[in-house]
Amino acid sequence: MKIGIIGSGVVGALIARELSRYDVEVLIFEKNSDVGMGITKANSAIIHAGYDDEPGTVRAKFCVPGNRMYTDLAKELQIDLKRIGSLVLAFKEEEVRILETLYKRGEENGVEGLEIWDRDKVLSHEPNVNPEVIAALWAPTAGITEPWMVSIAAVENAVENGAKLYLETEVVGIKTTSGRIEKLITNKGEFDVDVVINAAGIYADEIAKMAQAVYVPLHPRKGEYILLDKQEFSGFVKSILFPTPSVLGKGTLVTPTVDGGILVGPTAIDLPPEREFREDTSTTFEGFESLMSKAIRMTPLIDFRTSIKTFAGLRPESPQKDFFIGRTNIVGFFNAMAMRSPGLTAAPAIAKFMVEEIQEVLGETFIAKQDFKPTRERIRHYADLPTILWDEEIKKDPLAGKMICFCNKVTEREIVQAIRKGAKTVDSIKFRTRAMFGSCQGGFCMHRIMKILARELNVDLSEIRLRSEKSVILNGKVREL
Amino acid sequence: MKKDEMVCIMCPLGCRLIVTLENDGEIIVTGNKCPRGIEYGRQEMTEPLRILTSSILVRNGDIPLVSVKTSKPIPRRLLTDIMKILKSTVVEAPVSSGDVLIKNVLDTGADIIATRNVERIKIA
Amino acid sequence: MKEQTVDVLVIGAGAAGLGAAIGAAREGVNEVFIVERDERSGGILNQCIHNGFGLHYFREELTGPEYAERVKNIVKQYPNISVKVEQYVHQIDYRRKEVVVVSAEGVTIYKPKTLVVATGARERPLGGILVPGTRPAGVFTAGVAQRFVNLENRLPGKKAIIVGSGDIGLIMARRLTLEGVEVVAVVERMAYPGGLERNIRQCLKDFNIPLYLSHTVVGIYGKERLEKVIIAQLDENFKPIPGTEKSFSVDTLVLSVGLIPQSTLFKDFLKIDPWTKGIVTSSSGRTSLNWIFAAGNCTVIYDLVDWVTEEGAVAGKFAAMYVKNNWEAAKFSVEKGQNVGILFPTWYEEGTNLNLYLRVKKPLEIGTIRVKQRNNLLYNKKHANLMPSEMINIKIPESRIGTGDITVEVVE
């Protein structure tokens, strides 16, 4: 059986990895030059506890199980997961009542360990929270990760277990015969498939239309973020801080990143559904001002002068504000769409569900591979090792002692390993190794990384791209013969 | 009449000069605190002089370019023409800082000299 | 793992670190080690191929590489100085006085008697100034663009806008223009330029490059490669004025919006200025820990490399005196009075000359700089055309200084 997965964000990647446990052919189609570079790349990176979602929604069904699955997933795929807990802060009496509602909802959804904290407890745990706080909902199971790493690791693991990854391969058509999936038409040719999984993120409704399958209309909801320098601001808050939610969503949060920085965001701006807006990841003045004022309300001492990066991501929102997943009117076509928040959290549970769903619809039982390898090895970050062990590693390979990214302490060996694992662009190196992710944002090391890329890929420096083919970095020579 | 405002750079004092070129060709400098200011203002009005710094391509060097400068200030109006010459020049490594790479460029009396060492790469 | 005891360990082989090694060696210590993380010594001077260096230190106008070469030649005269490149300082245990250095040869634990920090500065990245828009390729900090053009033989693009009128930005405007890149504008959010007058004239006016003061970038456009930059005028509260937008079709944006002292490695045990991020030092270069000294752009952002080398030499000298006879002295604070924006150093130590560096808070046509110690006027002189972009250096010899706190003010 051939299963084509459209999209390699966390949802597509985890479905691919789950399917690679079985004796089926898995083909992953990704239009970008690397995996996880769409919605997955730019969001809050939160593994939500699961008290936000109203019981009865698809979100509620998958969030808590997904949250639990991350513990094993993080171990098997060697991705960073920190269960630092979240606090929903209340500054007014009526907000305390909302906390109580969330608490009850959380219990109903099966969230463990919820507590309502009084002011003193909040402030002793988080001294930088605005002292005007009166109460907070504590959820110890909430955590943070690197979403793009989930994608990268899951796809790596799936590929190791036999899946095929087609990058820069955009699905442009889907052929069906008498209500059954027949083939995928891409810019790189046609692929016969028995099953298609639509995990195409913000374009999932367009993909469904290609198959004449049911869908919900999607529009992008923009979320802007400001990242503060870990070297200047690490430890400012320990847990994920939310304001009390409103009809507009969970609100702007202040959270540590797994790397130690402080992330402020998102805004929530609904954009029209037209194609141009589905690519609109531009930040705005209004967005910055909104983020700053909201963060200052929760943590008055936050210092935006330590900002090192601003960015925006898009979430695929539907009128139902809920996931739209599973079987469709077309046999063999499955949706995993409208994966708005808590999509990242729910993704592992959805992946498991999807594998069962496919078997049920097709009336087949997949045979588990005997040689499935559930673990994936991460690129070793030498600076985390005790110095004695690091010294030994350098004796084995001197590149492990050659420092390239000075801010995040990434060695040449790590860069080379990322390239051997498939990184071809500057951004791919960045998201795999955290090089250029620090205080100087590549000021000291981008040129060195470009030279390593050129050397390892055996191309001229001018061929090195930021991300896609068109994101040319250098433009000609100063002197030429 | 032509008028130009500038800060004198002959010394760290940084006098703000007003330099006027009268119709009869006379140049009047005001705002200066010493005679060097007059000299600077006149020069800037008639024929501004600049040190040009740039690079020349090196063949078989450990780095692709050798940085260069003019050995003395040259007329500003010649910058573009001298750049053309630099762009079409190639030198062979090794190069030492201070080497004269082009003599008396465009008859200015200034040489183009290397401002860094470039080692010759060893060919295996 | 190797262990290495040394009298003076210098972190960084740029203008300050090389100066520090010279100062220490001259004072007479057994061994000075400089560890440099880059592949060559000389720091940023290597890529600053323009002239304007050395007028104070060498009494001669030099280019960056020439200046570096001169300083390196002095270093070579002292056989007890070792310069080691591609050495990365991973950790410092300030209690045990151990510095963990990583290189391709392995890990070395240095046990220095004194440490001189000369780690320089980094450029503020785009994300540091909250610019709206997309994040395409084609956005470079000035130093990165300079590195590509002057060392790697590569051009960043065809048509560029420069954001920030700091000296590196101005220098790059000229450099790119001479190499055939069209520079359409330099944009500065303040009402006055950030760089030196001389660079405004020789880098912008010479090439008719417009300078937009009180303007900022309000939009960066382009998904893959930069396509368009929109700027707008700012009101007195630094808010963009609607209707003043100007659009430039460019493929390159060069950012020159300030340098930040590289001090984070030391923030857990040295006093750091929370505003400038500079390591706080005294007139001897000593930090808040008696065995650690610091000099150069990691303490305060200087205008002239000559001053950096000079202050490096001071720190090296007193670090060596600390090695030799535990030199310490009474310490008085040097405080900012009116109109003083940046002031260096923070403390005066008895037995040293007071080498003051200051920047005014706002442009002043005429101001009197006064340095007072109790009732004693150490310095009192009128200065014309004071600009925040131009650092002022005042040297007060030790012989004129008594005891007590010192105040520096600029009277309008």
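Modeller: Helices (H or I, at least four residues) and strands (E, at least two) are DSSP runs, numbered from the N terminus. A residue is buried if 20 or more other C-beta atoms, placed from the backbone, lie within 10 Å of its own, exposed if 12 or fewer, and partly exposed in between. In α5(A), 13 of the 14 residues are buried, and the helix is thus described as mostly covered. This is a predicted model, in which local features need pLDDT of at least 70 and side-chain atom pairs count only at pLDDT 80 or more, while totals for chains, interfaces and linings use all residues. Residues are numbered from 1 along each chain as its sequence is written, and chains are lettered from A and ligands numbered from 1 in the order in which they are written.

Biologist: How many residues does helix α5 of chain A have, and what does it reach from its first C-alpha to its last?

Modeller: The expected span of a helix is 1.5 Å times one less than its number of residues. Helix α5 of chain A, residues 147-160, has 14 residues and reaches 20 Å, close to the 20 Å expected. Just after α5(A), A:Gly162 has a positive phi of about 110°.

Biologist: Which residues of α3(A) are buried?

Modeller: They are A:Leu99, A:Leu102, A:Gly106 and A:Asn109. Seen down the axis of α3(A), they fall within an arc of 85°, the arc being that of the directions from the helix axis to the C-beta atoms. The buried residues therefore line one face of the helix. The face turned away from this buried side carries the exposed residues A:Glu93, A:Glu94, A:Arg97, A:Thr101 and A:Glu107.

Biologist: Against which elements do the buried residues of α3(A) pack?

Modeller: Their partners are α2 (58-77), β5 (86-90), β6 (115-118) and β7 (135-139) of chain A. After α3(A) comes A:Gly110, with a positive phi near 90°.

Biologist: In what order do the six strands of the open sheet in chain A stand?

Modeller: Strands of a sheet pair through backbone hydrogen bonds, either parallel or antiparallel. Two strands are taken to pair if DSSP finds at least two bridges between them. In chain A the order is β9-β2-β1-β13-β21-β20, with mixed pairing. The edges are β9 (164-166) and β20 (324-327) of chain A; each has a single partner strand, so one side of each is left without a neighbour in the sheet. Four bridges join β20(A) to the antiparallel strand β21 (residues 333-337) of chain A. A:Arg327 has A:Phe334 in β21(A) as its bridge partner.

Biologist: What is the order of the three strands in the open sheet of chain B?

Modeller: The order is β1-β2-β3 (chain B), and the pairing is antiparallel. Here β1 (2-7) and β3 (27-30) of chain B stand at the edges. Six bridges join β1(B) to β2 (residues 16-21) of chain B, and B:Asp4 stands opposite B:Val19 in β2(B).

Biologist: How many residues of chain C are in contact with chain A?

Modeller: Two residues are in contact if their C-beta atoms, placed from the backbone, lie within 7 Å. By that rule, 43 residues of chain C are in contact with 47 residues of chain A. On the side of chain C that touches chain A, α3(C) gives the most, with five residues.
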